[in-house]
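Student: I would like to learn how to read a structure feature by feature, taking the general idea before the particular case. Could we work through one together?

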Amino acid sequence: MDDSIRKLIFTAIDGTISPEDFERLQDAIERSEEVRDEYLRAVSLCEDLAEIAGDQPVTDALSETQSPVRRPTSRNFRPDLFRLNPVHLAVAFMLLVTVGGVAYWFGQRHSVVPASPVAGSESRGEVPREAVIAGHATLRRSVDLKWSEGTTTWREGDVLPDGMLNFDEGVAEFDFFCGATLIVEGPASLNIESDWSVQVIEGRLRANVPPAARGFVVRAPGADIVDLGTEFALEVGDGDARVEVLDGEVELRGGEHDGQLLRTGEKQSLTDSGRPPQAIEGLSTIGELLRRRDDAEAERLSQWKVFAEHLARDRRLIAYYPMALASEGRIVRNAAGTGAERNGHIVGPVQQVPGRFGTASTGFDFERPGARVRTRIDGEFEAFTFVCWVRIDSLEHRYNALLMGDGYENGEPHWQIRDDGRLMFSVMVDDSKEVRHFSRLEQRVVTDAGLHRVYYTEPFWDITQSGQWFHLAAVYDPEGRTVAQYVNGREISRHEIADRFHTSTLRIGPAEIGNWGQPFRKTPEFAVRNLNGTIDELAIFGTPLDADEIASLYNEGRPLGY
(Lines give C-alpha, C1' and ligand atoms only; values in the text may rest on other atoms or scores of the structure.)
Protein backbone atom coordinates (compact mmCIF):
# COMPACT_ATOMS: atom_id res chain seq x y z
CA MET A 1 0.00 0.00 0.00
CA ASP A 2 1.19 3.48 -0.78
CA ASP A 3 2.91 5.06 2.24
CA SER A 4 1.07 8.30 1.51
CA ILE A 5 -2.22 6.54 2.26
CA ARG A 6 -0.82 5.22 5.51
CA LYS A 7 0.19 8.76 6.41
CA LEU A 8 -3.35 9.97 5.68
CA ILE A 9 -4.73 7.33 8.03
CA PHE A 10 -2.63 8.51 10.94
CA THR A 11 -3.24 12.19 10.27
CA ALA A 12 -6.96 11.38 10.26
CA ILE A 13 -6.65 9.64 13.61
CA ASP A 14 -4.75 12.46 15.26
CA GLY A 15 -7.13 15.04 13.81
CA THR A 16 -4.64 16.97 11.68
CA ILE A 17 -5.87 15.86 8.28
CA SER A 18 -6.96 18.56 5.83
CA PRO A 19 -10.42 18.44 4.21
CA GLU A 20 -8.86 17.62 0.84
CA ASP A 21 -6.81 14.75 2.25
CA PHE A 22 -9.84 13.54 4.17
CA GLU A 23 -11.79 13.18 0.93
CA ARG A 24 -8.84 11.40 -0.62
CA LEU A 25 -8.68 8.97 2.31
CA GLN A 26 -12.40 8.29 2.18
CA ASP A 27 -12.17 7.43 -1.49
CA ALA A 28 -9.25 5.10 -0.83
CA ILE A 29 -11.11 3.36 2.01
CA GLU A 30 -14.16 2.85 -0.16
CA ARG A 31 -12.14 1.46 -3.06
CA SER A 32 -9.61 -0.76 -1.33
CA GLU A 33 -10.06 -3.57 1.17
CA GLU A 34 -6.35 -3.30 1.97
CA VAL A 35 -6.77 0.33 2.97
CA ARG A 36 -9.82 -0.50 5.09
CA ASP A 37 -7.87 -3.19 6.93
CA GLU A 38 -4.95 -0.86 7.47
CA TYR A 39 -7.27 1.82 8.81
CA LEU A 40 -8.84 -0.61 11.27
CA ARG A 41 -5.43 -1.81 12.36
CA ALA A 42 -4.18 1.73 12.97
CA VAL A 43 -7.23 2.88 14.91
CA SER A 44 -7.24 -0.19 17.11
CA LEU A 45 -3.53 0.15 17.70
CA CYS A 46 -4.09 3.70 18.92
CA GLU A 47 -6.88 2.47 21.16
CA ASP A 48 -4.83 -0.34 22.69
CA LEU A 49 -1.78 1.81 23.26
CA ALA A 50 -3.92 4.36 25.01
CA GLU A 51 -5.38 1.61 27.18
CA ILE A 52 -1.84 0.46 28.05
CA ALA A 53 -1.02 4.03 29.04
CA GLY A 54 -4.15 4.20 31.18
CA ASP A 55 -5.66 6.86 28.95
CA GLN A 56 -8.82 5.12 27.72
CA PRO A 57 -11.08 8.11 28.38
CA VAL A 58 -8.73 10.25 26.35
CA THR A 59 -9.01 7.95 23.36
CA ASP A 60 -12.77 8.13 23.64
CA ALA A 61 -12.67 11.90 23.78
CA LEU A 62 -10.37 12.06 20.80
CA SER A 63 -12.48 9.76 18.69
CA GLU A 64 -15.77 11.43 19.65
CA THR A 65 -14.75 15.02 19.18
CA GLN A 66 -11.50 15.60 17.35
CA SER A 67 -10.83 12.86 14.87
CA PRO A 68 -12.90 12.96 11.69
CA VAL A 69 -12.84 9.15 11.67
CA ARG A 70 -14.31 7.24 14.58
CA ARG A 71 -12.71 4.13 15.96
CA PRO A 72 -14.35 0.80 15.15
CA THR A 73 -15.94 -1.32 17.81
CA SER A 74 -14.07 -4.16 19.38
CA ARG A 75 -16.47 -6.51 17.62
CA ASN A 76 -15.19 -5.34 14.29
CA PHE A 77 -11.50 -5.77 14.91
CA ARG A 78 -8.93 -6.81 17.49
CA PRO A 79 -5.29 -5.99 16.78
CA ASP A 80 -2.25 -8.17 17.23
CA LEU A 81 0.51 -5.88 18.42
CA PHE A 82 3.19 -8.50 17.99
CA ARG A 83 2.62 -8.63 14.23
CA LEU A 84 3.30 -4.96 13.78
CA ASN A 85 6.51 -3.91 12.17
CA PRO A 86 8.87 -1.31 13.72
CA VAL A 87 7.49 1.42 11.49
CA HIS A 88 3.99 0.83 12.83
CA LEU A 89 5.21 0.86 16.41
CA ALA A 90 7.17 4.05 15.89
CA VAL A 91 4.16 5.75 14.39
CA ALA A 92 2.00 4.37 17.16
CA PHE A 93 4.36 5.76 19.78
CA MET A 94 4.05 9.18 18.16
CA LEU A 95 0.27 8.77 18.26
CA LEU A 96 0.42 7.91 21.93
CA VAL A 97 2.33 11.12 22.58
CA THR A 98 -0.25 13.00 20.54
CA VAL A 99 -3.08 11.34 22.44
CA GLY A 100 -1.49 12.28 25.74
CA GLY A 101 -1.17 15.88 24.65
CA VAL A 102 -4.75 15.99 23.47
CA ALA A 103 -5.78 14.43 26.77
CA TYR A 104 -4.18 17.24 28.69
CA TRP A 105 -5.85 19.79 26.46
CA PHE A 106 -9.25 18.13 26.93
CA GLY A 107 -8.72 18.01 30.64
CA GLN A 108 -8.11 21.75 30.68
CA ARG A 109 -11.09 22.52 28.51
CA HIS A 110 -13.54 20.16 30.28
CA SER A 111 -15.98 20.58 27.41
CA VAL A 112 -15.63 20.66 23.64
CA VAL A 113 -19.30 20.50 22.65
CA PRO A 114 -19.95 22.98 19.84
CA ALA A 115 -22.94 25.30 19.89
CA SER A 116 -25.88 24.29 17.71
CA PRO A 117 -28.99 26.29 16.83
CA VAL A 118 -31.30 23.27 16.95
CA ALA A 119 -29.90 20.30 18.83
CA GLY A 120 -26.91 19.86 21.08
CA SER A 121 -24.20 17.27 20.68
CA GLU A 122 -23.66 14.57 23.25
CA SER A 123 -20.30 13.74 24.73
CA ARG A 124 -19.55 10.56 26.61
CA GLY A 125 -20.44 10.83 30.27
CA GLU A 126 -22.28 14.12 29.89
CA VAL A 127 -25.98 14.81 30.18
CA PRO A 128 -27.34 15.45 26.63
CA ARG A 129 -27.83 19.12 25.90
CA GLU A 130 -31.38 20.35 25.66
CA ALA A 131 -32.53 21.12 22.16
CA VAL A 132 -33.25 24.79 21.51
CA ILE A 133 -34.74 26.73 18.61
CA ALA A 134 -35.14 30.45 17.90
CA GLY A 135 -38.54 32.10 17.43
CA HIS A 136 -41.18 34.41 18.89
CA ALA A 137 -44.46 33.43 17.23
CA THR A 138 -46.14 30.91 14.94
CA LEU A 139 -48.23 31.22 11.81
CA ARG A 140 -51.34 29.43 13.06
CA ARG A 141 -53.78 29.73 10.17
CA SER A 142 -54.11 31.51 6.86
CA VAL A 143 -56.54 31.93 3.97
CA ASP A 144 -55.59 32.91 0.42
CA LEU A 145 -52.22 34.16 1.61
CA LYS A 146 -49.90 35.47 -1.10
CA TRP A 147 -46.43 36.30 0.13
CA SER A 148 -44.73 39.29 -1.48
CA GLU A 149 -42.29 38.42 -4.24
CA GLY A 150 -38.71 38.18 -3.12
CA THR A 151 -39.57 37.86 0.58
CA THR A 152 -39.39 34.90 2.93
CA THR A 153 -42.42 32.63 2.77
CA TRP A 154 -43.85 30.65 5.68
CA ARG A 155 -46.25 27.77 6.10
CA GLU A 156 -48.87 27.13 8.75
CA GLY A 157 -47.24 25.87 11.91
CA ASP A 158 -43.89 27.51 11.22
CA VAL A 159 -42.04 29.04 14.16
CA LEU A 160 -41.31 32.65 13.23
CA PRO A 161 -38.04 34.32 14.25
CA ASP A 162 -37.57 38.06 14.49
CA GLY A 163 -37.72 39.87 11.15
CA MET A 164 -40.07 41.04 8.42
CA LEU A 165 -43.31 39.44 7.24
CA ASN A 166 -44.67 40.75 3.95
CA PHE A 167 -47.74 39.54 2.08
CA ASP A 168 -49.85 41.15 -0.62
CA GLU A 169 -53.16 39.33 -0.16
CA GLY A 170 -55.05 37.10 2.24
CA VAL A 171 -55.57 36.84 5.97
CA ALA A 172 -53.18 35.32 8.51
CA GLU A 173 -53.44 34.51 12.19
CA PHE A 174 -50.24 34.85 14.23
CA ASP A 175 -49.85 33.56 17.77
CA PHE A 176 -47.09 35.22 19.80
CA PHE A 177 -45.49 33.11 22.51
CA CYS A 178 -46.59 35.59 25.21
CA GLY A 179 -50.21 34.72 24.35
CA ALA A 180 -51.21 37.63 22.10
CA THR A 181 -52.95 36.83 18.80
CA LEU A 182 -53.00 39.00 15.69
CA ILE A 183 -55.37 38.54 12.75
CA VAL A 184 -53.76 40.48 9.93
CA GLU A 185 -55.23 41.35 6.54
CA GLY A 186 -53.03 41.94 3.51
CA PRO A 187 -51.41 43.84 2.02
CA ALA A 188 -49.35 43.88 5.19
CA SER A 189 -45.80 44.46 6.33
CA LEU A 190 -44.83 43.54 9.89
CA ASN A 191 -41.57 43.36 11.76
CA ILE A 192 -41.57 40.78 14.56
CA GLU A 193 -39.28 42.10 17.29
CA SER A 194 -39.78 39.70 20.19
CA ASP A 195 -42.35 37.54 22.02
CA TRP A 196 -43.81 40.82 23.31
CA SER A 197 -43.64 43.33 20.45
CA VAL A 198 -44.28 43.79 16.76
CA GLN A 199 -43.90 46.79 14.47
CA VAL A 200 -46.63 47.42 11.90
CA ILE A 201 -45.48 49.25 8.77
CA GLU A 202 -48.62 48.53 6.76
CA GLY A 203 -51.83 46.53 7.18
CA ARG A 204 -55.07 46.07 9.07
CA LEU A 205 -55.12 43.91 12.17
CA ARG A 206 -57.15 42.80 15.13
CA ALA A 207 -55.12 42.16 18.30
CA ASN A 208 -56.45 39.94 21.06
CA VAL A 209 -54.40 40.13 24.24
CA PRO A 210 -55.37 37.88 27.17
CA PRO A 211 -54.29 38.71 30.73
CA ALA A 212 -51.18 36.52 30.43
CA ALA A 213 -49.96 38.77 27.60
CA ARG A 214 -50.77 42.10 29.25
CA GLY A 215 -48.07 44.58 28.25
CA PHE A 216 -47.86 43.37 24.63
CA VAL A 217 -46.71 46.24 22.39
CA VAL A 218 -47.75 47.04 18.82
CA ARG A 219 -45.49 49.72 17.40
CA ALA A 220 -47.21 51.92 14.82
CA PRO A 221 -46.36 55.23 13.12
CA GLY A 222 -46.98 58.01 15.67
CA ALA A 223 -47.15 55.88 18.84
CA ASP A 224 -46.60 52.56 20.52
CA ILE A 225 -49.81 50.84 21.60
CA VAL A 226 -49.35 49.10 24.94
CA ASP A 227 -52.14 46.68 25.62
CA LEU A 228 -53.50 46.49 29.15
CA GLY A 229 -55.54 43.35 28.55
CA THR A 230 -57.98 43.91 25.72
CA GLU A 231 -58.88 43.65 22.08
CA PHE A 232 -58.16 46.43 19.66
CA ALA A 233 -58.02 47.16 15.93
CA LEU A 234 -55.27 48.97 14.05
CA GLU A 235 -55.08 50.22 10.48
CA VAL A 236 -51.83 51.52 9.01
CA GLY A 237 -51.57 52.80 5.43
CA ASP A 238 -51.73 55.84 3.16
CA GLY A 239 -49.70 57.87 5.64
CA ASP A 240 -52.17 57.33 8.45
CA ALA A 241 -52.42 55.10 11.50
CA ARG A 242 -55.65 54.62 13.46
CA VAL A 243 -56.40 52.60 16.54
CA GLU A 244 -59.78 51.61 17.99
CA VAL A 245 -60.29 49.78 21.28
CA LEU A 246 -62.88 47.02 20.87
CA ASP A 247 -62.80 45.82 24.47
CA GLY A 248 -60.69 46.84 27.48
CA GLU A 249 -57.95 49.49 27.59
CA VAL A 250 -54.71 50.48 25.87
CA GLU A 251 -52.07 53.09 26.59
CA LEU A 252 -50.34 55.14 23.89
CA ARG A 253 -46.67 55.87 24.36
CA GLY A 254 -44.43 58.25 22.42
CA GLY A 255 -45.25 61.17 20.13
CA GLU A 256 -47.95 63.69 20.85
CA HIS A 257 -50.24 61.07 22.43
CA ASP A 258 -47.74 59.87 25.01
CA GLY A 259 -49.54 58.64 28.14
CA GLN A 260 -53.05 58.77 26.63
CA LEU A 261 -55.41 55.97 27.66
CA LEU A 262 -58.09 54.63 25.32
CA ARG A 263 -60.97 52.53 26.58
CA THR A 264 -63.71 50.41 24.98
CA GLY A 265 -65.22 52.18 21.99
CA GLU A 266 -62.63 54.98 21.88
CA LYS A 267 -60.52 55.58 18.81
CA GLN A 268 -57.59 57.76 17.86
CA SER A 269 -55.65 58.84 14.78
CA LEU A 270 -51.98 58.42 15.67
CA THR A 271 -50.42 60.47 12.89
CA ASP A 272 -52.81 63.39 12.49
CA SER A 273 -54.38 64.73 15.67
CA GLY A 274 -56.49 67.14 13.65
CA ARG A 275 -58.30 64.39 11.76
CA PRO A 276 -61.53 63.21 13.39
CA PRO A 277 -61.14 59.61 14.58
CA GLN A 278 -63.04 57.05 12.50
CA ALA A 279 -64.12 53.51 13.19
CA ILE A 280 -62.16 50.67 11.59
CA GLU A 281 -64.82 48.67 9.78
CA GLY A 282 -64.94 45.28 8.14
CA LEU A 283 -61.99 43.77 9.98
CA SER A 284 -61.92 39.96 10.06
CA THR A 285 -62.81 38.18 13.29
CA ILE A 286 -61.52 34.76 14.34
CA GLY A 287 -64.94 33.29 13.56
CA GLU A 288 -64.93 34.75 10.06
CA LEU A 289 -61.38 33.55 9.49
CA LEU A 290 -62.35 30.01 10.52
CA ARG A 291 -65.40 30.01 8.24
CA ARG A 292 -63.37 31.22 5.28
CA ARG A 293 -60.73 28.66 5.99
CA ASP A 294 -63.23 25.79 6.29
CA ASP A 295 -64.79 26.77 2.97
CA ALA A 296 -61.42 27.01 1.26
CA GLU A 297 -60.29 23.67 2.74
CA ALA A 298 -63.47 21.94 1.57
CA GLU A 299 -62.95 23.27 -1.93
CA ARG A 300 -59.31 22.12 -1.90
CA LEU A 301 -60.35 18.63 -0.78
CA SER A 302 -62.98 18.47 -3.50
CA GLN A 303 -60.38 19.37 -6.15
CA TRP A 304 -57.97 16.73 -4.84
CA LYS A 305 -60.66 14.01 -4.92
CA VAL A 306 -61.17 14.64 -8.62
CA PHE A 307 -57.43 14.43 -9.17
CA ALA A 308 -57.10 11.25 -7.06
CA GLU A 309 -59.79 9.51 -9.16
CA HIS A 310 -57.89 10.48 -12.29
CA LEU A 311 -54.56 9.34 -10.81
CA ALA A 312 -55.99 5.94 -9.82
CA ARG A 313 -56.44 5.17 -13.53
CA ASP A 314 -52.72 5.61 -14.24
CA ARG A 315 -51.64 2.21 -15.59
CA ARG A 316 -48.10 2.74 -14.32
CA LEU A 317 -49.27 2.41 -10.72
CA ILE A 318 -48.23 -0.66 -8.72
CA ALA A 319 -50.47 0.41 -5.83
CA TYR A 320 -52.19 3.60 -4.70
CA TYR A 321 -53.48 4.29 -1.17
CA PRO A 322 -55.44 7.59 -1.03
CA MET A 323 -55.88 7.34 2.74
CA ALA A 324 -57.24 10.88 2.97
CA LEU A 325 -60.51 9.45 1.67
CA ALA A 326 -62.74 7.68 4.15
CA SER A 327 -61.33 4.28 5.15
CA GLU A 328 -63.32 1.06 5.36
CA GLY A 329 -62.76 -0.58 8.74
CA ARG A 330 -59.26 -1.99 8.85
CA ILE A 331 -58.83 -2.06 5.09
CA VAL A 332 -56.68 0.53 3.33
CA ARG A 333 -58.00 0.31 -0.20
CA ASN A 334 -55.67 0.03 -3.16
CA ALA A 335 -57.34 2.43 -5.57
CA ALA A 336 -55.09 1.49 -8.48
CA GLY A 337 -56.20 -0.95 -11.17
CA THR A 338 -53.94 -3.64 -9.74
CA GLY A 339 -56.72 -4.84 -7.46
CA ALA A 340 -57.76 -5.63 -3.94
CA GLU A 341 -54.97 -8.18 -3.46
CA ARG A 342 -52.72 -5.22 -2.80
CA ASN A 343 -55.01 -3.63 -0.24
CA GLY A 344 -53.37 -2.58 2.99
CA HIS A 345 -54.49 -3.86 6.39
CA ILE A 346 -54.33 -1.81 9.57
CA VAL A 347 -52.44 -3.60 12.33
CA GLY A 348 -52.12 -2.42 15.92
CA PRO A 349 -52.87 1.01 17.37
CA VAL A 350 -53.02 3.00 14.14
CA GLN A 351 -54.95 6.16 14.93
CA GLN A 352 -57.25 7.66 12.31
CA VAL A 353 -56.72 11.40 12.60
CA PRO A 354 -57.48 14.42 10.40
CA GLY A 355 -55.55 14.36 7.15
CA ARG A 356 -53.91 17.23 5.35
CA PHE A 357 -57.27 18.65 4.26
CA GLY A 358 -58.55 18.95 7.83
CA THR A 359 -61.28 17.07 9.63
CA ALA A 360 -63.08 16.15 6.41
CA SER A 361 -60.11 13.97 5.41
CA THR A 362 -58.34 11.08 7.13
CA GLY A 363 -54.75 10.26 7.93
CA PHE A 364 -53.13 7.28 9.65
CA ASP A 365 -50.97 8.06 12.67
CA PHE A 366 -48.19 5.58 13.51
CA GLU A 367 -47.07 7.14 16.79
CA ARG A 368 -47.05 3.89 18.79
CA PRO A 369 -44.47 1.15 18.12
CA GLY A 370 -47.06 -1.52 17.28
CA ALA A 371 -48.85 0.61 14.66
CA ARG A 372 -48.45 -0.35 11.00
CA VAL A 373 -50.26 -0.95 7.72
CA ARG A 374 -49.29 -4.25 6.12
CA THR A 375 -49.56 -5.05 2.46
CA ARG A 376 -48.26 -7.59 0.00
CA ILE A 377 -47.23 -6.61 -3.50
CA ASP A 378 -46.06 -9.59 -5.53
CA GLY A 379 -44.41 -9.37 -8.92
CA GLU A 380 -41.25 -8.01 -10.48
CA PHE A 381 -40.80 -4.44 -11.60
CA GLU A 382 -38.41 -2.50 -13.79
CA ALA A 383 -38.25 0.64 -11.67
CA PHE A 384 -39.72 2.28 -8.57
CA THR A 385 -41.26 5.67 -7.82
CA PHE A 386 -42.55 6.09 -4.27
CA VAL A 387 -44.62 9.18 -3.45
CA CYS A 388 -46.35 10.08 -0.20
CA TRP A 389 -47.79 12.90 1.86
CA VAL A 390 -46.58 12.69 5.45
CA ARG A 391 -46.88 14.83 8.55
CA ILE A 392 -43.76 14.44 10.71
CA ASP A 393 -44.24 15.12 14.41
CA SER A 394 -40.78 14.01 15.49
CA LEU A 395 -37.93 11.75 14.39
CA GLU A 396 -37.34 10.04 17.69
CA HIS A 397 -35.90 6.81 16.33
CA ARG A 398 -32.61 6.35 14.52
CA TYR A 399 -34.59 5.24 11.45
CA ASN A 400 -38.23 6.18 10.87
CA ALA A 401 -40.11 4.04 8.35
CA LEU A 402 -42.12 5.21 5.37
CA LEU A 403 -42.33 1.93 3.42
CA MET A 404 -40.21 -1.14 4.15
CA GLY A 405 -39.96 -4.55 2.50
CA ASP A 406 -40.27 -7.18 5.23
CA GLY A 407 -37.19 -9.28 4.69
CA TYR A 408 -35.15 -6.75 2.75
CA GLU A 409 -34.34 -9.47 0.26
CA ASN A 410 -32.91 -9.05 -3.22
CA GLY A 411 -34.62 -6.25 -5.12
CA GLU A 412 -36.70 -5.05 -2.14
CA PRO A 413 -36.80 -1.39 -1.11
CA HIS A 414 -36.37 0.41 2.20
CA TRP A 415 -37.63 4.00 2.33
CA GLN A 416 -37.04 5.82 5.61
CA ILE A 417 -36.13 9.09 7.33
CA ARG A 418 -33.04 9.28 9.54
CA ASP A 419 -33.21 11.01 12.91
CA ASP A 420 -31.15 13.91 11.55
CA GLY A 421 -33.85 14.70 8.96
CA ARG A 422 -32.28 12.98 5.93
CA LEU A 423 -34.34 10.93 3.52
CA MET A 424 -32.77 7.53 2.88
CA PHE A 425 -33.64 5.08 0.13
CA SER A 426 -32.07 1.72 -0.69
CA VAL A 427 -32.66 -1.48 -2.64
CA MET A 428 -31.06 -4.79 -1.64
CA VAL A 429 -28.65 -6.04 -4.29
CA ASP A 430 -27.30 -9.28 -2.76
CA ASP A 431 -28.68 -10.41 0.58
CA SER A 432 -26.23 -13.32 0.84
CA LYS A 433 -23.26 -11.08 1.56
CA GLU A 434 -22.03 -9.37 4.70
CA VAL A 435 -20.32 -6.15 3.73
CA ARG A 436 -17.93 -3.99 5.72
CA HIS A 437 -17.40 -0.49 4.42
CA PHE A 438 -16.49 3.00 5.49
CA SER A 439 -19.60 5.14 5.96
CA ARG A 440 -19.11 8.80 5.12
CA LEU A 441 -22.18 9.69 7.17
CA GLU A 442 -21.37 7.54 10.19
CA GLN A 443 -17.69 8.38 9.88
CA ARG A 444 -16.69 4.82 10.74
CA VAL A 445 -16.44 1.37 9.30
CA VAL A 446 -19.82 -0.36 9.49
CA THR A 447 -21.01 -3.89 8.78
CA ASP A 448 -24.12 -4.32 6.66
CA ALA A 449 -26.18 -7.46 6.24
CA GLY A 450 -26.33 -7.72 2.47
CA LEU A 451 -24.85 -5.75 -0.38
CA HIS A 452 -26.73 -2.53 -0.91
CA ARG A 453 -26.20 1.20 -0.91
CA VAL A 454 -28.23 3.70 1.07
CA TYR A 455 -28.85 6.92 -0.87
CA TYR A 456 -29.12 9.88 1.51
CA THR A 457 -30.36 13.41 0.99
CA GLU A 458 -29.21 16.40 2.95
CA PRO A 459 -31.42 17.06 6.01
CA PHE A 460 -34.78 18.51 4.96
CA TRP A 461 -36.53 18.45 8.37
CA ASP A 462 -35.84 19.77 11.85
CA ILE A 463 -37.93 20.16 14.97
CA THR A 464 -39.15 23.64 13.94
CA GLN A 465 -41.21 21.87 11.24
CA SER A 466 -42.91 19.45 13.61
CA GLY A 467 -46.51 18.82 12.63
CA GLN A 468 -46.14 20.06 9.06
CA TRP A 469 -47.07 18.11 5.96
CA PHE A 470 -44.42 17.14 3.41
CA HIS A 471 -44.64 15.62 -0.04
CA LEU A 472 -41.80 13.09 -0.38
CA ALA A 473 -40.74 11.10 -3.43
CA ALA A 474 -37.99 8.62 -4.29
CA VAL A 475 -37.28 7.47 -7.85
CA TYR A 476 -35.14 4.38 -8.45
CA ASP A 477 -34.30 4.04 -12.14
CA PRO A 478 -32.05 1.05 -12.96
CA GLU A 479 -32.09 1.75 -16.70
CA GLY A 480 -31.09 5.36 -16.23
CA ARG A 481 -28.81 4.30 -13.36
CA THR A 482 -29.98 7.11 -11.10
CA VAL A 483 -31.68 7.53 -7.73
CA ALA A 484 -33.46 10.87 -7.27
CA GLN A 485 -35.28 12.09 -4.18
CA TYR A 486 -37.70 14.99 -3.83
CA VAL A 487 -39.28 17.11 -1.12
CA ASN A 488 -42.36 19.20 -1.90
CA GLY A 489 -41.92 18.74 -5.64
CA ARG A 490 -38.29 19.82 -5.70
CA GLU A 491 -35.37 17.48 -6.32
CA ILE A 492 -32.97 17.56 -3.40
CA SER A 493 -30.61 14.71 -4.31
CA ARG A 494 -29.54 12.66 -7.31
CA HIS A 495 -27.05 9.79 -7.25
CA GLU A 496 -25.63 7.52 -9.90
CA ILE A 497 -26.11 3.78 -9.36
CA ALA A 498 -22.64 2.25 -9.50
CA ASP A 499 -22.16 -1.12 -11.20
CA ARG A 500 -21.58 -2.80 -7.86
CA PHE A 501 -24.97 -1.68 -6.56
CA HIS A 502 -26.96 -2.08 -9.73
CA THR A 503 -29.90 -4.45 -9.91
CA SER A 504 -32.66 -4.41 -12.49
CA THR A 505 -34.99 -6.96 -10.93
CA LEU A 506 -37.11 -5.20 -8.33
CA ARG A 507 -39.65 -6.63 -5.93
CA ILE A 508 -41.64 -5.54 -2.88
CA GLY A 509 -43.47 -8.61 -1.53
CA PRO A 510 -44.73 -8.43 2.07
CA ALA A 511 -44.15 -4.87 3.26
CA GLU A 512 -45.20 -2.30 5.83
CA ILE A 513 -46.21 1.34 5.68
CA GLY A 514 -45.16 3.49 8.62
CA ASN A 515 -43.22 0.74 10.42
CA TRP A 516 -40.93 -2.25 10.02
CA GLY A 517 -41.91 -5.22 12.14
CA GLN A 518 -39.99 -7.98 10.32
CA PRO A 519 -42.61 -10.67 11.10
CA PHE A 520 -40.32 -13.48 9.83
CA ARG A 521 -37.55 -12.71 12.31
CA LYS A 522 -36.12 -15.54 14.44
CA THR A 523 -36.26 -13.65 17.76
CA PRO A 524 -39.05 -11.70 19.51
CA GLU A 525 -37.04 -8.49 19.29
CA PHE A 526 -37.54 -6.08 16.41
CA ALA A 527 -36.14 -2.73 15.46
CA VAL A 528 -38.32 0.20 16.58
CA ARG A 529 -38.84 2.22 13.43
CA ASN A 530 -42.45 3.37 13.59
CA LEU A 531 -42.99 6.84 12.20
CA ASN A 532 -44.10 9.40 14.77
CA GLY A 533 -46.36 11.11 12.31
CA THR A 534 -49.22 10.67 9.87
CA ILE A 535 -49.45 9.43 6.27
CA ASP A 536 -52.58 10.21 4.26
CA GLU A 537 -51.58 9.26 0.70
CA LEU A 538 -49.02 6.86 -0.75
CA ALA A 539 -48.51 5.88 -4.38
CA ILE A 540 -46.09 3.35 -5.88
CA PHE A 541 -45.28 3.45 -9.58
CA GLY A 542 -43.42 0.77 -11.57
CA THR A 543 -41.72 3.36 -13.75
CA PRO A 544 -39.40 6.27 -13.01
CA LEU A 545 -41.40 9.51 -12.89
CA ASP A 546 -39.57 12.62 -14.04
CA ALA A 547 -39.19 15.91 -12.18
CA ASP A 548 -42.18 17.55 -13.88
CA GLU A 549 -44.46 14.67 -12.93
CA ILE A 550 -43.29 14.77 -9.31
CA ALA A 551 -43.89 18.52 -9.21
CA SER A 552 -47.36 18.03 -10.68
CA LEU A 553 -48.26 15.45 -8.01
CA TYR A 554 -47.16 17.92 -5.35
CA ASN A 555 -49.11 20.84 -6.80
CA GLU A 556 -52.30 18.81 -7.28
CA GLY A 557 -52.16 17.51 -3.72
CA ARG A 558 -51.06 20.58 -1.78
CA PRO A 559 -53.15 21.33 1.29
CA LEU A 560 -54.30 24.83 2.14
CA GLY A 561 -51.50 27.17 3.18
CA TYR A 562 -48.80 25.46 1.06
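Student: Is Tyr39 buried or exposed?

Tutor: Before that, a word on the source: this is a predicted model, in which local features need pLDDT of at least 70 and side-chain atom pairs count only at pLDDT 80 or more, while totals for chains, interfaces and linings use all residues. Residues are numbered from 1 along each chain as its sequence is written, and side-chain values use heavy atoms, with hydrogens and water left out. Buried means under 20% relative accessible area, exposed over 50%, and partly exposed in between, with a 1.4 Å probe and protein chains only. Tyr39 is buried, because its relative accessible area is 0%. The residue sits in helix 3 (residues 33-52), and its C-alpha lies 8.0 Å from that of Ile29, which is 10 residues away in sequence.

Student: How many helices and strands are there in the protein, and how are they assigned?

Tutor: Helices (H or I, at least four residues) and strands (E, at least two) are DSSP runs, numbered from the N terminus. By that rule the protein has 7 helices and 28 strands. Of its 562 residues, 50% count as buried. Its accessible surface, from the Shrake-Rupley method with a 1.4 Å probe and, for residues, only the protein chains shown as cover, comes to about 26,100 Å², of which 48% belongs to carbon and sulfur atoms.

Student: What share of the contacts joins residues at least 24 apart?

Tutor: A contact means heavy atoms within 4.5 Å. Among contacts between residues at least 6 apart in sequence, 58% join residues at least 24 apart.

Student: Which residues is Arg342 in contact with, leaving aside its neighbours within four places in sequence?

Tutor: With those neighbours set aside, Arg342 touches Ile318, Tyr321, Asn334, Thr375, Arg376, Ile377, Asp378 and Phe381. Arg342 belongs to the loop between strand 14 (331-332) and strand 15 (344-347), and it counts as buried because its relative accessibility is 15%. Between Arg342 and Pro510, 168 residues apart in sequence, the C-alpha to C-alpha distance is 9.9 Å.

Student: How many salt bridges does a search of the whole structure find?

Tutor: A salt bridge is a side-chain nitrogen of Lys or Arg within 4 Å of a carboxyl oxygen of Asp or Glu. The search finds 31 salt bridges. One of them pairs Asp365 with Arg391, with the closest N and O atoms 3.7 Å apart. Asp365 lies in strand 17 (residues 358-365) and Arg391 in strand 19 (residues 384-394), so this pair ties together parts that are 26 residues apart in sequence. Asp365 and Arg391 are both buried.

Student: Where do Asp406 and Arg374 lie?

Tutor: Their side chains meet in a salt bridge (2.6 Å, N to O). This pair links distant parts of the chain, with Asp406 in the loop between strand 20 and strand 21 and Arg374 in strand 18 (residues 372-377), 32 residues apart. Asp406 is buried, since its relative accessible area is 4%. A further salt bridge joins the side chains of Asp420 and Arg418 (3.2 Å, N to O); here Asp420 counts as partly exposed at 26% relative accessibility, whereas Arg418 is buried at 6%. There is also a network of salt bridges that links Arg140, Arg141, Glu173 and Asp175.

Student: Which residues form the negative surface patch?

Tutor: Patches are made of residues with over 30% relative accessible area and no salt bridge, like charges being joined within 9 Å and nonpolar side chains (Val, Leu, Ile, Met, Phe, Trp, Tyr) within 5 Å. Lys and Arg count as positive and Asp and Glu as negative, while His and the chain ends are not counted; the place of a charge is taken as NZ of Lys, CZ of Arg, CG of Asp or CD of Glu. Here Glu149, Asp168, Glu169, Glu202 and Asp238 form the negative patch. Glu149 is in the loop between strand 1 (137-147) and strand 2 (159-160) and counts as exposed, at 79% relative accessibility.

Student: What is the phi of Asp238?

Tutor: Phi of Asp238 is near 55°, a positive value in a residue other than glycine. Asp238 occupies the loop between strand 8 (231-237) and strand 9 (240-247), and it is exposed, with a relative accessible area of 85%. Tyr408 likewise has a positive phi, near 50°, but counts as buried at 10% relative accessibility.
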